[in-house]
Amino acid sequence: MKFFIDTANLAEIQEAVELGILDGVTTNPSLMAKEGITGQDRVLKHYVDICKLVDGPISAEVIATDFAGMVREGEALADLHPNIIVKIPMIEDGIKAIKYFSQKEIQTNCTLVFSAGQALLAAKAGATYVSPFVGRLDDISTDGLALIEQIRTIYRNYYSFDTQILAASVRHPMHIVKCAEIGADVITGPLSAIKALLQHPLTDSGLAKFLSDYQKATV
Ligand code: G3P
């Protein structure tokens with residue numbers, strides 16, 4: 001399973017790179033705004049800065065919601081760097097744009113996916129990744145992980161689908177572990193969720209005991 005980090009914060013991305021387990025980055029307009037990155041030129045430069053930090057897929061989202069606008073923006077994003085994945089919302093024109101990009105062999109990430117039917121359409125259109133939002137479904141008392149399972153079953157049923165399931169809006173370590181059990185291809189979430197995988201009280205107490213026994217034995 002690949003680990004992407006869901007942030008536009010360069011320091012956080014660098015920390016994840018140094019951890020040695022990072023495969024890629026996802027961003028969205030909210031995450032860019034959170035970092036104060038505004039205006040088209042600064043946004044494009046920021047994507048290039050992220051590409052310099054991480055040698056892996058970097059999702060960059062279009063703002064347009066019409067086919068022509070998505071194609072124009074997506075082509076400009078794809079021209080920035082070979083690792084850019086054009087992120088496109090799950091709307092009617094978005095499906096047309098994903099099909100267009102798939103025919104041009106430009107990689108896409110279909111975002112804002114909340115149902116199995118939407119994931120089926122994304123795969124039919126040839127999306128490289130589909131992003132079901134696990135945490136946001138949980139937020140409205142709907143089982144986000146059940147959706148990942150449902151999409152896995154559907155994609156497994158049809159070998160011609162090579163769309164990768166990118167479990168997004170992952171919020172905590174159990175989301176990641178459950179996604180791994182289900183067989184999601186990729187998870188994306190904050191570094192805090194990824195680093196929480198490290199934690200176990202028996203690791204901490206066991207290490208403390210090893211170190212104190214070592215000290216006692218060497219006095
Ligand atoms: O990748 C999608 C993600 O940015 C949404 O996460 O935590 O805002 O629901 P969240």
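**Basis.** I worked on a predicted model, in which local features need pLDDT of at least 70 and side-chain atom pairs count only at pLDDT 80 or more, while totals for chains, interfaces and linings use all residues. I numbered residues from 1 along each chain as its sequence is written, and the side-chain values use heavy atoms, with hydrogens and water left out.

**Ligand shell.** I looked up the residues around the ligand and found D6, N28, F133, R136, A168, S169, R171 and T188, taking a residue as near if one of its heavy atoms lies within 4 Å. I sorted this shell by class into two nonpolar, three polar and three charged residues, where Ala, Val, Leu, Ile, Met, Phe, Trp, Tyr, Cys and Pro count as nonpolar, Asp, Glu, Lys and Arg as charged, and the others, Gly among them, as polar.

**Polar contacts.** I then listed pairs of N or O atoms within 3.5 Å (within protein, one must be able to donate a hydrogen and the other to accept it, and residues adjacent in sequence count only if both atoms are side-chain atoms). The side chain of D6 has an N or O atom 2.5 Å from a ligand oxygen, a polar side-chain atom of N28 lies 2.8 Å from an oxygen of the ligand, and for the side chain of R171 the distance to a ligand oxygen is 2.9 Å. Of the 310 Å² of accessible area that the ligand has on its own, the protein covers 82%, by the Shrake-Rupley method with a 1.4 Å probe.

**Largest pocket.** I asked which space the ligand takes, and it is the largest pocket, on the criterion that more than half of its atoms lie within 2 Å of the grid points. A pocket here is an open set of points, on a 1 Å grid over the protein atoms alone, where a 1.4 Å probe fits, with protein on both sides within 12 Å along at least five of seven lines, and lining residues have an atom within 4 Å of a point. This pocket holds about 410 Å³ of space, and of its 23 lining residues the closest to the centre are D6, N28, L31, R136 and S169. I noted that α2 (29–34) gives the most to this lining, with four residues.

**Second largest pocket.** I found about 270 Å³ of space here, with Q40, V43, E61, I63 and E73 the closest to the centre among 15 lining residues. The largest share of this lining, four residues, comes from α3.

**Helix α1.** I checked the N-terminal end of α1 (residues 10–19), which N9 caps through a side-chain oxygen 3.0 Å from the backbone nitrogen of A11.

Conventions: Grid points are joined across faces, edges and corners, and a volume is the space filled by probe spheres set on the points. Helices (H or I, at least four residues) and strands (E, at least two) are DSSP runs, numbered from the N terminus.
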